[in-house]
Amino acid sequence: MTTEASTEVAERLLAVREEIAQHARSAGRDAGEITLVAVTKRVPVGVVQAAVAAGQRHFGENYVQEGLAKVEALAAPDLRWHLIGALQSNKAARAARSFHLLHSVCSESVARAISREMVVAGRDAHVL
């Protein structure tokens, strides 16, 4: 990724953060209470790396496989990965291990698969 492209990513993130802060102020809220989740569906890893360099820490993915590849490529303990797409039972265990928040648990079978995996891992599941 070029320096120019990295700068563009940083500038766009800054603009979004400023807009969030402005809306938070007008609503009487603290912008620090708001989490910006940058959706990276079909976004190359290099662009995501530029966002990380610009301070972005929460990322959303629609597809488990695409998200897992980015989680592995950008392995950093302070990054938080959100699965925002539909989750199938057969991918639930892998998603539960790798994503910090699962936004779209919409069936009992998916919830059970996540629960089983988290018991094995000794962790709590974070789901919506």
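At 61% relative accessibility, R42 counts as exposed, where exposed denotes over 50% relative accessible area, buried under 20% and partly exposed the range in between, computed with a 1.4 Å probe on protein chains only. The model is a predicted one, in which local features need pLDDT of at least 70 and side-chain atom pairs count only at pLDDT 80 or more, whereas totals for chains, interfaces and linings use all residues. Residues are numbered from 1 along each chain as its sequence is written, and side-chain values use heavy atoms, with hydrogens and water left out. R42 is located in the loop between β1 (38–39) and α2, and its phi is near 60°, a positive value in a residue other than glycine.

The protein chain contains five helices and four strands, with helices taken as DSSP runs of H or I of at least four residues and strands as runs of E of at least two, both numbered from the N terminus. Read from the N terminus, the order of the elements is α-β-α-β-α-β-α-β-α. Along the principal axes, the C-alpha atoms of the protein chain fill a box of roughly 40 × 40 × 25 Å. Of the 128 residues in the protein chain, 30% are buried. Among the contacts with a separation of 6 or more, 37% are accounted for by residues 24 or more positions apart, a contact being defined by heavy atoms within 4.5 Å.

Helix α1 comprises 24 residues (residues 3–26), and its end C-alpha atoms are 35 Å apart, which agrees with the 34 Å that it should span at 1.5 Å a residue; the expected span is 1.5 Å times one less than the number of residues. Within α1, the residues V9, L13, A21 and A24 are buried, and the elements that cover the buried residues of α1 include α2 (45–53). Following α1 is G28, whose phi is positive, near 70°. In α2, the buried residues are V48, A50, A51 and V52, and their cover includes α1, β2 (58–61), α3 and β3 (80–83). Following α2 is G55, for which phi is positive and near 100°.

Two packed helices are described by the angle between their axes and the distance between the axes. Axes are here lines fitted to C-alpha atoms, for helices over the stretch in contact, and angles run from 0 to 180 degrees between N-to-C directions. For α1 and α2, the packing angle is about 55° and the axes are 9 Å apart. These two helices, α1 and α2, are therefore oblique to each other, given that angles under 35 degrees count as roughly parallel, over 145 as roughly antiparallel, 65 to 115 as roughly perpendicular and the rest as oblique. The crossing of α1 and α2 is right-handed, a term applied if the near helix is turned clockwise from the far one by less than a right angle, with left-handed applied if anticlockwise. At this contact, S6, V9 and L13 in α1 meet V47, A50 and A51 in α2. The residues of the contact of α1 with α2 divide into five nonpolar, one polar and no charged, where Ala, Val, Leu, Ile, Met, Phe, Trp, Tyr, Cys and Pro count as nonpolar, Asp, Glu, Lys and Arg as charged, and the others, Gly among them, as polar.

Helix α3 (residues 64–73) packs with helix α4 (residues 89–98) at an angle of about 30°, with axes 11 Å apart, and α3 and α4 are therefore roughly parallel to each other. Their crossing, that of α3 and α4, is left-handed. The contact brings V64, Q65, L68 and V71 in α3 to K91, R94, A95 and S98 in α4, and the residues of this contact of α3 with α4 divide into four nonpolar, two polar and two charged. K91, a residue of helix α4, is partly exposed, with a relative accessible area of 22%. Apart from neighbours within four places in sequence, K91 is in contact with V64 and Q65. The C-alpha atoms of K91 and I114, which are 23 residues apart along the chain, are separated by 9.3 Å.

The axes of α4 and helix α5 (residues 108–121) come within 8 Å and cross at roughly 40°, and α4 and α5 are therefore oblique to each other. In this case α4 passes α5 in a right-handed crossing. The contact is made by S89, A92, A93, A96 and R97 of α4 together with S109, V110, A113, I114, E117 and M118 of α5. By class, the contact of α4 with α5 has seven nonpolar, two polar and two charged residues.
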